[in-house]
There are 2 protein chains.
Amino acid sequence: MSEKLAEAALDQLFRSARTYNAFLPKDVSDEQLHALYELAKFGPTSANCSPMRLVFVKSQAGKEKLKPFLSEGNRAKTLAAPVTAIVANDYEFYEKLPQLFPHADARSWFVGNQELIDRTAFRNATLQGAYVIMAARALGLDCGPMSGFDNAGVDGAFFAGTPVKSNFLINIGYGDASRDLFPRSPRLSFGETCRVE
Amino acid sequence: MSEKLAEAALDQLFRSARTYNAFLPKDVSDEQLHALYELAKFGPTSANCSPMRLVFVKSQAGKEKLKPFLSEGNRAKTLAAPVTAIVANDYEFYEKLPQLFPHADARSWFVGNQELIDRTAFRNATLQGAYVIMAARALGLDCGPMSGFDNAGVDGAFFAGTPVKSNFLINIGYGDASRDLFPRSPRLSFGETCRVE
């Protein structure tokens, strides 16, 4: 049985963590991106279907490819971020189920059921995107997630000819609290959100 | 700037955490459910839209209400779990944007754009569901998330007459590793999932 994590860890993961718009001029290494994935991959998905695909855009060329599809308000900060992760959904995730869920013929649950494929890919890749955010924070990195961009444009530039489609973006680096960090917006209370039955 | 969390914390959140089917006979208090929400609420959503709604089903009466809509394979374990959280999406989340995102008229971005409403509610409530899983683990609790149930049935029983619809379920408690814990399924490698550009 696990214990509650230390208060400082809860702060880092949730209470003090913020969505950063500006990052310190400090590189995020490929090794850190590997470490990030090696944590995030363990988060649960239904039937272990693991439909998320990730492109870590780091190079100048990669950022230039992304640039035309960023919304006005997200453009400058995304070009300046050390890394921008494209969280994407593989709509043929079920082809990997014989490897990922070997104890049943889970592939057959999906083939031909496009509505279930679409819902499963979107829900589970989104869960995995949240695990990426939490894993980044656990590694001492900061995030700036956003969904304001031209998905079809990004898909054409990064995923042409594949069954993969973009979901959302996450800028990753070391947050600069001295620039463009807005006051924390209010959250809904327990009573506004939850009930116990 | 944050440091990487201790290895034991990374284990608890990701590497040793498992999807439990059986739980120890140990109560999860309402205070713990409040603490769980008070962490999870801080996870980022687009324009702070916070569309997740939660029902924590704890009572015998609540479990009986849920029972007919659980898939065969999920029924017994869910009835036996200390708590089953119904993660749900509020499709009128935008009505709370004046409170949640006071610096812009964000409500007007959504009203009348049903496709954007649907996508935003589903994506962001799913992100928040993942934050609930991670917050539970951070508090020393274990989870068993699942999407195998009759969504329309659950919506009729728990959310009739509201714009809220069920997304997925999470059994919550203290995992019993001695019962019904399957070996960890394989995960996709970095190379199968990610690329750096």
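**Strands, helices and cysteines**

Analyst: Gladly! Let's start with a pair of strands: S2(A) and S4(A) run antiparallel and are joined by eight bridges. Please keep in mind that this is a predicted model.

User: How do you know that S2(A) and S4(A) count as paired?

Analyst: Two strands pair if there are at least two bridges between them. S2(A) and S4(A) have eight bridges, so they pass that cut-off. One place to look is Val87(A), which stands opposite Phe168(A) in S4(A).

User: What joins S3(A) to S4(A)?

Analyst: Five bridges, again in the antiparallel sense. Among the facing residues, Met146(A) has Leu169(A) of S4(A) as its bridge partner, and Asp142(A) stands opposite Gly173(A).

User: Which strands make up the whole sheet, and in what order?

Analyst: The order is S3(A)-S4(A)-S2(A)-S1(A)-S5(B), five strands in an open sheet with mixed pairing. Notice that S5 comes from chain B.

User: What makes S3(A) and S5(B) the edge strands?

Analyst: Each of them pairs on one side only. Neighbouring strands in this sheet are turned by 25 degrees against each other on average, ignoring direction.

User: Which helices lie across these strands?

Analyst: Helix H4 of chain A, residues 72–80, lies across S2, S3 and S4 of chain A and runs at about 150 degrees to S3(A). Helix H8 of chain A, residues 151–158, lies across S1, S2 and S4 of chain A together with S5 of chain B, at about 90 degrees to S4(A).

User: Why is S4(A) called mostly covered?

Analyst: A residue is buried when its relative accessible area is under 20%. In S4(A), nine of the 10 residues are buried.

User: Which residues of helix H2 of chain A are buried, and how do you know where they lie on the helix?

Analyst: In H2(A), residues 30–40, the buried ones are Leu33(A), Leu36(A), Tyr37(A), Leu39(A) and Ala40(A). Seen down the axis of H2(A), they fall within an arc of 160 degrees, so they line one face of the helix. Here is a handy background point: an α-helix has 3.6 residues a turn, so residues three or four places apart point the same way.

User: Are Cys49(A) and Cys194(B) buried or exposed?

Analyst: Cys49(A) has a relative accessible area of 1% and is buried. Cys194(B) is buried as well, at 8%. Both values are under the 20% cut-off.

User: What makes the two copies related as by a two-fold axis?

Analyst: Chain A can be laid on chain B by a turn of 180 degrees with a shift of 0.0 Å along the axis, giving an RMSD of 0.0 Å. The copies are therefore related as by a two-fold rotation axis. The same surface serves both copies, as 100% of the contact residues of chain A recur in chain B.

User: And which order does the other sheet have?

Analyst: That open sheet of five strands reads S5(A)-S1(B)-S2(B)-S4(B)-S3(B), with mixed pairing. Its edge strands are S5 of chain A and S3 of chain B.

Technical notes
Residues are numbered from 1 along each chain as its sequence is written. Chains are lettered from A and ligands numbered from 1 in the order in which they are written. This is a predicted model: local features need pLDDT of at least 70, side-chain atom pairs count only at pLDDT 80 or more; totals for chains, interfaces and linings use all residues. Side-chain values use heavy atoms; hydrogens and water are left out. Copies are superposed by least squares on the C-alpha atoms of residues with pLDDT of at least 70 in both. Contact means heavy atoms within 4.5 Å. Buried means under 20% relative accessible area, exposed over 50%, partly exposed in between (1.4 Å probe, protein chains only). Helices (H or I, at least four residues) and strands (E, at least two) are DSSP runs, numbered from the N terminus. The arc is that of the directions from the helix axis to the C-beta atoms. Axes are lines fitted to C-alpha atoms, for helices over the stretch in contact, and angles run from 0 to 180 degrees between N-to-C directions.
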